[in-house]
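Subject: Structure handover

Hello,

Here is the structure I promised to pass on. Please open it beside this email and follow along as you read.

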Amino acid sequence: MSEPKPKVFLVDDHDLFRAGVRSEIGDAVDIIGDADEVDAAIELIEERRPDVVLLDVHMPGGGGRAVLEAIHDKHPGIQFLALSVSDAPEDVVDIVHGGARGYVTKSIHRDDLIDAIHRVAGGDAVFSPKLAGFVLDAFSALEPAEVDQELASLTAREGEVLRHIARGYTYKEVAERLFISAKTVETHVSSVLRKLQLTNRHELTRWATERKLI
Amino acid sequence: MDRTLRQIIVGFRYVGAVWISVIGIVAIVEWEASATIVLLTLAVAWGWAVVTGLSPRHVIRGWRFLFADLAVGSWTAVAPAFTDQPEGVGGTFSGGFPFSTVLVWAYAFGIPGGVVSGAVVSFIALFPGENQLTTDLTSALIYIAGGGVAGWGFNMLRRSEIRRREVEELLETERSERIRSEERAEMAAHLHDSVLQTLALIQKRSTEPAEVGSLARRQERELRNWLYGAARLSADSLAGGLEEVCGEIEERQRIGVELVTVGDCPLDDHIRALISATREAVTNAAKFAGVDQVSVYSELNGRQVQVFVRDRGVGFDPATVDEDRRGLRESVVGRMQRHGGNAIIRSSPGGGTEVELSISREAP
């Protein structure tokens, strides 16, 4: 591999899961540490400065969101990829709103996880089909009058890109289908991520709870 | 319980005060007793009764108050000796008031408190008089015995109260323990029927990856439903129906189906047709594409609903589909058209397949 291995830090309160990830991707990336609780994670991440933190959403003591909030503003260079068994909309959207560059479920295949880590390390966003679906849903539900018009809505192109990802296309396939470069796909996705992070957290929570009650 | 005992004591003291007042007036009027002494005694008795009644918790506890109480009780008991009643006329006017002091002490110190205060009050009353020794000794014995009985009674009441509370606590603990163990048993039973069985099956079939994957997926879905049951989508909506269909195919065809839904609406005949067509399209992909993963995406846009079923499998040339492979033609394209919808199949050999279904909801 020509590019250097990204430095990865694991945060998860399940020992078995951390061990599993280590053995699965340990040769493809450089795992520089792990933690099983929020406070230890914050301390060690600040000390070791990884490129990417693989972050469990559900943990005692504030969960992944607490780690994100403690690190994100102080060290913008450290990227977060959320990893969880939950596919509940409120969890997914909340952690991405908090600053994670992407969200994947724990059942993700090894190669896809490694690919996702590389993408996130490069500053790109990783949208699983599920996350793309949630974001489309959230933006269609948010009241444009309540937030900045520009932020509240996706451009036609962004919507199209997200729709393809939700349908199961990879970034490369999306690029081919829409006759744009893979880099442009990345740009669209990152822009969607930024818009999501700028929306009102309260609004998103409301969307998520309403969605659940359907 | 202590509160009830205090109320009894306060009540008795008021009764005693009324009692001593009635006899006191009789003593002044009929027995030619010194009005000064009697009225002074009545004032002390009533004053102390009111103080006790206003704040029984403090009065019947502190040492200072207890001794004041003893002094008041003793004075009311001994006062008749100083009334200068003519020899042989009438009797003592104390009535039952001094006994309230004995009750207070019995309350504070149990049997010894009752006995000691009874002795003090009655012997003080004996001192100045050279009256009939037997009568006074009898009343002294009654006081002492009464104090002892009161102390014993108070103790009994308190002890039974404590026992009752202990029994209640024990019952409460047992009850919550039982509920907890019932919950645990229910959880254990569920895990045994589901997760443990699946794990046993997985161990047995560990050499068949497809089988293991399917077992794990089914178990995961089942467990999620059990844990978050109430929060899941209802089956009688577009998203709920699709979820049901995808789960069913995952189980039957041993593949993974990734479902993403944007927007949801209630079922009508068009939507039911759309879901049936989706079932057919996913089943087709599972059977012929040769992949272990199919993606399904649905989106509601106003009254328009679209569903995409996509696989990265072997693909085929739509122009040359065998006549006998009627699944796509009949069950997907035909069904959609009959309901005023549309189905587009995009596929190429080696390039995977995507079926796009669109239909509009029935007019309201």
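**Charges over rings**

Arg167(A) lies over the face of Phe308(B), 3.5 Å from the ring centre. Arg310(B) lies over the face of Tyr169(A), at 3.8 Å from the ring centre. The rule here: NZ of Lys or CZ of Arg must be within 6 Å of the ring centre and within 35 degrees of the ring normal.

**How to read the values**

This is a predicted model, where local features need pLDDT of at least 70, side-chain atom pairs count only at pLDDT 80 or more, and totals for chains, interfaces and linings use all residues. Residues are numbered from 1 along each chain as its sequence is written, chains are lettered from A and ligands numbered from 1 in the order in which they are written, and side-chain values use heavy atoms, with hydrogens and water left out.

**The two chains**

Start with chain A. Its secondary structure comes to eleven helices and six strands. Helices (H or I, at least four residues) and strands (E, at least two) are DSSP runs, numbered from the N terminus. Of the 214 residues in chain A, 53% are buried. Buried means under 20% relative accessible area, exposed means over 50%, and partly exposed lies in between (1.4 Å probe, protein chains only). Chain A exposes about 9600 Å², and carbon and sulfur atoms supply 51% of that area. Accessible areas come from the Shrake-Rupley method with a 1.4 Å probe; for residues, only the protein chains shown count as cover. Take the contacts in chain A between residues at least 6 apart in sequence: 68% of them join residues at least 24 apart. A contact means heavy atoms within 4.5 Å.

Now chain B. It has ten helices and five strands. Buried residues make up 40% of its 364 residues. Its accessible surface comes to about 19600 Å², with 59% belonging to carbon and sulfur atoms. Among contacts in chain B between residues at least 6 apart in sequence, 71% join residues at least 24 apart.

**Aromatic pairs**

Rings of Phe, Tyr and Trp (its six-membered ring) pair if their centres lie within 6.5 Å; planes under 30 degrees apart count as stacked, over 60 as edge-to-face and the rest as tilted. By this rule there are nine aromatic pairs over all chains. Why is the pair of Trp105(B) and Phe109(B) tilted? Its ring centres are 5.4 Å apart and its planes stand at 50°, so the pair counts as tilted. Both residues lie in helix α5 (residues 97–126) of chain B, four residues apart, which is about one turn of the helix. Trp105(B) is buried, at 7% relative accessibility. Phe109(B) is partly exposed, at 31%.

**A nonpolar patch on chain B**

Tyr14(B), Val18(B), Val22(B), Val26(B), Trp46(B), Val50(B) and Leu54(B) make a nonpolar surface patch of about 600 Å². Patches are made of residues with over 30% relative accessible area and no salt bridge; like charges are joined within 9 Å, nonpolar side chains (Val, Leu, Ile, Met, Phe, Trp, Tyr) within 5 Å. A salt bridge is a side-chain nitrogen of Lys or Arg within 4 Å of a carboxyl oxygen of Asp or Glu. The elements giving two or more residues to the patch are α1 (2–29) and α2 (35–54) of chain B. Which element gives the most? That is α1(B), with four residues. Trp46(B) lies in helix α2 of chain B. Trp46(B) is partly exposed, at 32% relative accessibility.

**A buried valine**

Val67(A) is found in helix α3 (residues 63–71) of chain A. Is Val67(A) buried or exposed? Val67(A) is buried, with a relative accessible area of 0%. Leaving aside neighbours within four places in sequence, its contacts include Val38(A), Leu55(A), Met59(A) and Phe80(A). The C-alpha atoms of Val67(A) and Phe80(A) are separated by 9.8 Å.

**Loops to look at**

Arg49(A) is not a glycine, yet has a positive phi of about 50°. Arg49(A) sits in the loop between α2 (38–48) and β3 (52–56) of chain A. Arg49(A) is partly exposed, with a relative accessible area of 45%. His75(A) touches Arg49(A) and Glu46(A), not counting residues up to four places away in sequence. His75(A) is buried, at 12%.

Arg254(B) also has a positive phi, of about 60°, although it is not a glycine. Its place is in the loop between α8 (238–253) and β1 (256–262) of chain B.

Best wishes
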